[in-house]
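Subject: Structure handover

Hello,

I am passing on the structure we spoke about. Please open it first and then read the notes below it.

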Amino acid sequence: MWTTITQIAPYAIVFTIPLLITALGGLFSERSGVVNIGLEGLMIMGAFAGAFTIFKLQALYPNKPIVMWVGLLVAMLAGAIFSLLHAFASINLRADQVISGTAINMIAGAITIFLARNMTGSGNIRISSFAPFNMPGFSDIPIIGPLIFTKTYLTTWLVLFIVGLTSFVLYKTPFGLRLRACGEHPHAAEAAGVNVKRMRYVGVMISGAFAGLGGAIIIVTYAGEFTGSVAGLGFLALASLIFGQWRPLGVLGATLFFGIASTVANVSQVIPSLAVFPPIILKVFPYVVTLIALIVFSKSSRAPKAVGEPYDSGKR
């Protein structure tokens with residue numbers, strides 16, 4: 001049993017990280033009052049931008065780890081810029097935010113495949129990714145060392161740092177107070193001198209940057225290749241956001257749970273102790289759990305009160 005756990009844990013953490021950072025992006029957007037169904041499309045756009053940047057730079061500067069970090073930054077920038085489409089439609093045009101986000105998902109998948117085929121001659125972009133490593137000293141700690149500090153990536157610790165930073169920013173800074181006020185009582189926030197539209201733009205752009213980073217992390221860790229899809233992780237991130245009750249630590253717990261469930265499904269046939277279960281059961285397990293979680297938490301949902309509602313400063 002312990003052997004099985006130590007085999008699964010590193011992969012579960014690696015799978016959880018892009019899910020976690022994307023869900024945190026959704027947290028900023030929805031805390032500002034804008035539903036962002038387009039996380040899936042923003043992840044795809046970030047994955048494409050990061051993969052293409054790394055692909056080109058690795059041809060010029062082979063074996064340079066800094067190239068992958070540049071790719072991650074470009075992915076964040078691409079996600080933030082692409083999210084402006086959703087922000088403009090939702091905030092300025094007061095369009096239905098669900099439909100706008102759905103359009104983002106449809107556009108991103110199509111345009112990235114088109115660009116990949118025209119730029120590289122193929123719909124796929126293969127790159128050299130980060131190599132996992134064992135953290136010196138920490139990986140030798142009994143029990144937690146093999147679970148957390150083996151076969152890890154620097155991106156894992158970057159995202160965990162962002163989780164702590166997000167919690168601090170949202171609950172301990174004036175910016176976080178204003179952002180949350182825009183999602184709860186936007187007219188009261190405006191009366192206090194807060195520019196609600198600007199704060200919502202910032203929230204959506206942060207969600208785009210984080211989702212783009214999440215998509216690129218997939219490429220530079222366990223995937224190593226852009227294929228035009230992120231396997232529905234954007235939608236799973238939305239479910240994690242609801243499951244985590246729109247709180248950073250809650251989102252961390254929810255994404256870890258879904259990450260473990262998805263990892264078990266993906267590696268079940270190569271681990272003897274899991275191979276006894278029918279593959280179909282383990283494959284559908286994460287999605288069944290997602291539906292159950294959404295049903296259970298729907299009545300006790302603590303979503304921001306004004307999330308999804310177009311803001312009109314002329315109305316009270």
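Please keep in mind that the model is predicted.

Annotated segments

An unreviewed UniProt entry gives the feature "transmembrane region" at residues 9-28, 34-55, 67-91, 97-115, 201-220, 226-244, 251-271 and 277-297. I can describe two of these segments further. Residues 97-115 are 100% helix and 0% strand, with 26 Å between the end C-alpha atoms. For residues 277-297 the chain is 90% helix and 0% strand, and the C-alpha atoms at the ends lie 28 Å apart.

A position in helix α9

Val202 belongs to helix α9, which covers residues 196-223. With a relative accessibility of 28%, Val202 counts as partly exposed, because that class lies between the limits of 20% and 50%. Along the chain, Val202 and Phe28 are 174 residues apart, yet 8.6 Å separates their C-alpha atoms.

Cavity

The count is 1 cavity of 30 Å³ or more. The volume of the largest cavity is about 30 Å³. Its lining consists of Pro10, Ile13, Val14, Ile148, Thr150, Lys151, Thr152, Tyr153 and Thr156. By type, the lining of the largest cavity has 5 nonpolar residues, 3 polar and 1 charged. Helix α1 (residues 2-32) contributes the most to this lining, with 3 residues.

Aromatic pairs

There are 10 aromatic pairs in the model. One of them joins Phe138 and Phe149, with 5.2 Å from centre to centre and 40 degrees between the planes, a tilted arrangement. This pair links distant parts of the chain, 11 residues apart: Phe138 sits in the loop between β1 (125-126) and α5 (144-148), and Phe149 in the loop between α5 and α6 (154-172). Phe138 is partly exposed, with a relative accessible area of 42%. Phe149, at 12% relative accessibility, is buried, because the value is under 20%.

Another pair, Phe243 with Phe257, is edge-to-face, at 6.1 Å centre to centre and 75 degrees between the planes. It also links distant parts of the chain, 14 residues apart, with Phe243 in helix α10 (residues 233-243) and Phe257 in helix α11 (residues 248-267). Phe243 has a relative accessible area of 22% and is partly exposed; Phe257 is partly exposed too, at 36%.

Finally, Phe48, Phe52 and Phe226 are linked into a cluster by ring pairs.

Regards

Notes: Residues are numbered from 1 along each chain as its sequence is written. This is a predicted model: local features need pLDDT of at least 70, side-chain atom pairs count only at pLDDT 80 or more; totals for chains, interfaces and linings use all residues. Side-chain values use heavy atoms; hydrogens and water are left out. Helices (H or I, at least four residues) and strands (E, at least two) are DSSP runs, numbered from the N terminus. Buried means under 20% relative accessible area, exposed over 50%, partly exposed in between (1.4 Å probe, protein chains only). On a 1 Å grid over the protein atoms alone, a cavity is a set of points where a 1.4 Å probe fits but cannot get out, and a pocket is an open set with protein on both sides within 12 Å along at least five of seven lines; lining residues have an atom within 4 Å of a point. Grid points are joined across faces, edges and corners, and a volume is the space filled by probe spheres set on the points. Ala, Val, Leu, Ile, Met, Phe, Trp, Tyr, Cys and Pro count as nonpolar, Asp, Glu, Lys and Arg as charged, and the others, Gly among them, as polar. UniProt positions are given in the numbering used here, feature names are shortened, and annotations may be inferred rather than shown by experiment. Rings of Phe, Tyr and Trp (its six-membered ring) pair if their centres lie within 6.5 Å; planes under 30 degrees apart count as stacked, over 60 as edge-to-face and the rest as tilted.
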